[in-house]
Structures are given as structure tokens and as C-alpha cells.
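Please look through the sequence and the model shown below before reading on.

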Amino acid sequence: MAITKEDILKALSYVEEPDLGKDLVTLNMIEDVQVDGKNVSLTVILTTPACPLKDLIRNACVNAVHAMVDKEADVTVNMTSRVTSGRGDTSEVLNGVKNIIAVASGKGGVGKSTVTSNLAIALAQSGARVGLIDADISGPSIPTMFGAEQDRPLMVQGDHGKNYIQPVEKYGVKMMSIGFLTPADGAVVWRGPMASSALRQFISDVEWGELDYLLLDLPPGTSDIHLTMVQALPVTGAVIVTTPQKVALADAVRGLQMFRQPQINVPVLGVVENMAYFTPAELPENKYYIFGEGGGKALAEKFDVTLLGQVPIVQSIRESGDAGTPVVMQNDSPASGVFKELAQAVAQQVSVRNATLAKTKPVEIKS
């Protein structure tokens with residue numbers, strides 16, 4: 001009996017997307033089914049190019065066709081992606097940006113900017129369109145991390161004659177920082193309202209274009225910047241960065257709980273434990289828990305969120321950050337793989353969040 005398109009779709013209706021808990025047909029993830037005798041081709045539309053389950057889904061599709069249609073069929077599964085969005089607002093603010101991710105710590109010195117930089121590049125390497133706002137107005141680190149201290153953004157003219165700032169782009173990431181607008185050795189000594197005004201300009205006066213993910217590298221603490229962000233933007237979710245020791249975890253809890261306050265109510269995508277352990281280059285199998293063990297995991301379990309990744313203390317991470325070439329770009333480094341897995345985990349949680357939770361809108365905070 002000849003194979004039909006209907007046969008293929010019926011078989012694929014038994015293939016479940018592991019994270020979303022529904023079958024691929026119901027989720028409209030199957031397109032372009034072609035049948036020519038025993039040759040079958042189809043396209044699976046993933047929810048992110050950084051999906052860590054590509055091979056699992058591809059193999060499940062092939063097995064389903066062989067089991068339910070024809071075991072001799074020659075099945076070609078093409079994988080592409082269409083990043084989902086959880087935005088529910090109708091405003092013109094960043095209307096080309098699908099997902100806005102806040103990266104917060106509650107405490108300085110935990111490597112949040114290092115994590116954000118490598119995460120942004122890893123997402124871009126996966127094929128996603130990525131932007132990054134350095135929201136730490138008084139202590140901008142992103143220009144240094146990207147080796148772009150001397151770069152300056154250009155002005156472009158948009159609709160209705162309005163001038164926009166064109167973000168600096170490097171390593172596939174569009175970015176904006178106060179560090180691009182002030183002398184490298186100058187101090188930005190601004191009160192909260194001025195810093196908040198600068199962040200609003202980075203949001204509304206920069207030509208970001210179409211992005212799948214816009215990351216915000218937030219300053220330590222819970223300040224005016226954080227409130228400005230949630231009031232100005234529909235934040236998809238927050239990533240909390242901590243180190244394992246008690247003093248860092250105490251501040252990370254405050255940062256996490258800020259997003260969970262009823263008047264803010266931003267989903268927490270998960271926790272990243274940075275400096276989780278030390279591994280010397282000459283002994284790559286050894287792990288030394290300098291700052292304690294399992295603090296990030298305990299935090300994630302306590303608040304029922306995902307432990308997105310554990311980043312080790314590796315000399316190459318520090319060296320590459322200082323050199324302006326983040327370690328995720330070094331394919332021969334074990335730390336590179338850690339950040340790529342982190343990007344997959346974050347993208348995965350964004351997809352789950354968009355499929356299961358209510359649309360996000362800017363927060364209205366009453367004084």
C-alpha cells in the first residue's frame with residue numbers, strides 16, 4: 001500500500017515534544033511533509049535553534065514512521081527553528097524582540113557579566129538573533145568582556161526622522177552599554193533616576209531590530225534599575241547567578257524573591273551556579289570545591305526552579321574575559337562546552353515558559 005501524507009502525520013502524532021508534553025502535530029511543529037514512493041521527507045520546527053533535544057526528536061520521528069507506516073521507508077527529517085515568544089503587550093517598545101531575559105545576582109563579584117557574555121555568544125552560535133544590554137550603569141563590564149572598549153555606536157535615522165543609536169555588534173551579538181558612551185577610565189556617578197533614564201534610552205532609542213533573545217546584564221542588588229526594567233519591558237524570565245557559598249546564596253535569594261513579588265511576578269527560568277568548583281588544567285578530572293559544594297543546587301530545589309548549569313573555576317575563563325574573547329568561542333576548552341549547554345538549558349526553559357505560562361506585559365508598580 002502506498003504511503004500517504006496522512007499516514008506520516010498520524011505516526012508523528014505519537015511523537016511527543018519532551019519539554020512541552022504534547023505531540024509534534026498538535027504543537028504545529030511539523031511542516032512540508034513530502035512522500036515519493038518510499039522516500040519520505042519532513043521538517044520539524046523547533047522552538048529554539050539551541051534546542052538540546054534535536055537528535056532525540058529526529059530519531060523519534062524516524063522510528064515512528066518505521067514502526068507505524070513502513071519499516072523500509074527512507075525518512076529524511078530536516079530540523080529548523082522558529083523561536084517562540086511569550087509577549088502579551090501591544091506596545092511599540094522593542095516590538096521586534098521575542099524574548100527578554102534578565103540576568104541578575106543580588107550580589108556583586110559572582111561572575112554575572114562573564115556568564116551573561118558567554119551565554120549571549122552561545123545563543124548566537126546556535127543560530128539565534130541575540131542582543132545584550134549592559135544595565136550596570138555605574139560598573140559596565142560588557143565592553144571589556146567583548147574586547148570592544150574603543151568601539152562607539154553610530155546614529156541612524158529611523159521612521160519619522162527620529163535618530164536612533166545603532167548598537168555595537170561583535171561575535172554575533174548586538175550590544176549597548178554606557179561604557180561605549182563614556183571614557184574608559186571615567187566614573188559614572190549618577191543618582192538612581194539618571195541611571196534609570198539611561199536604561200530607558202537603551203530600550204527605546206536603540207535600533208535593536210528583530211531579535212530572538214535580548215539579555216539584560218543587571219547590576220547587583222535590587223535597585224531602581226530593576227524596577228525600571230520590569231516597568232518598561234515585558235520580561236520573559238529571569239536567570240539568577242550565584243556562587244556556592246552562603247553569603248552569595250543569601251543575596252541570590254533576595255534577587256530571586258524580588259522577581260517573585262506579586263506586583264512584579266516575573267518567572268524565574270533557573271539558577272546558574274558559577275565558580276562551582278575548581279579544576280586545574282593539568283588535572284581535568286579533579287574537582288576542588290573551594291567555595292563549598294551544592295549551594296546553587298540547594299537554592300534551585302528550595303524554590304522549585306531549574307539548576308541551569310554549574311560553571312567551574314577555570315583559568316581560561318578569566319583569561320579569555322580579560323582578553324575580550326569569551327571562552328565559549330574556544331571550541332577546544334571544556335568550559336566552552338559548559339556555556340553551550342547552559343545556553344541550551346536557558347533556551348529550553350524559555351520555550352517551556354512561553355508554552356505553559358501567561359503572556360508577559362510590562363509591570364505596573366504603584367508607589
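Is Y288 buried, partly exposed or exposed? At 39% relative accessibility, Y288 counts as partly exposed, where buried means under 20% relative accessible area, exposed means over 50%, and partly exposed is in between (1.4 Å probe, protein chains only). This is a predicted model, in which local features need pLDDT of at least 70 and side-chain atom pairs count only at pLDDT 80 or more, while totals for chains, interfaces and linings use all residues. Residues are numbered from 1 along each chain as its sequence is written, and side-chain values use heavy atoms, with hydrogens and water left out.

Y288 can be found in the loop between β14 (268–278) and α8 (295–302); helices (H or I, at least four residues) and strands (E, at least two) are DSSP runs, numbered from the N terminus. Together with L283, I290 and F291, Y288 makes a nonpolar surface patch of about 360 Å². Such patches are made of residues with over 30% relative accessible area and no salt bridge, with nonpolar side chains (Val, Leu, Ile, Met, Phe, Trp, Tyr) joined within 5 Å and like charges within 9 Å, and the areas come from the Shrake-Rupley method with a 1.4 Å probe, for which only the protein chains shown count as cover for residues.

Stepping back to the whole chain, the domain assignment, which is automatic or taken from a database, gives domain 1 (5–81) and domain 2 (97–356). The C-alpha centres of domain 1 and domain 2 lie 34 Å apart, and the contact between them (heavy atoms within 4.5 Å) takes eight residues from domain 1 and twelve residues from domain 2.

Beyond the neighbours within four places in sequence, the residues in contact with K112 include V103, A104, S105 and V241.

Side chains of opposite charge can pair when their charged atoms come close. Counting as a salt bridge any side-chain nitrogen of Lys or Arg within 4 Å of a carboxyl oxygen of Asp or Glu, the model has eight salt bridges. One of them joins D70 and K38 (2.5 Å, N to O); because D70 lies in the loop between α2 (54–68) and β5, and K38 in the loop between β3 and β4 (39–46), the pair ties together parts that are 32 residues apart in sequence. Within this pair D70 is buried, with a relative accessible area of 14%, whereas K38 is partly exposed at 40%. A salt bridge is also formed by D251 and R254, whose closest N and O atoms are 2.6 Å apart. Both D251 and R254 lie in helix α7 (residues 246–260), three residues apart, about one turn of the helix, and R254 is exposed, with a relative accessible area of 52%.
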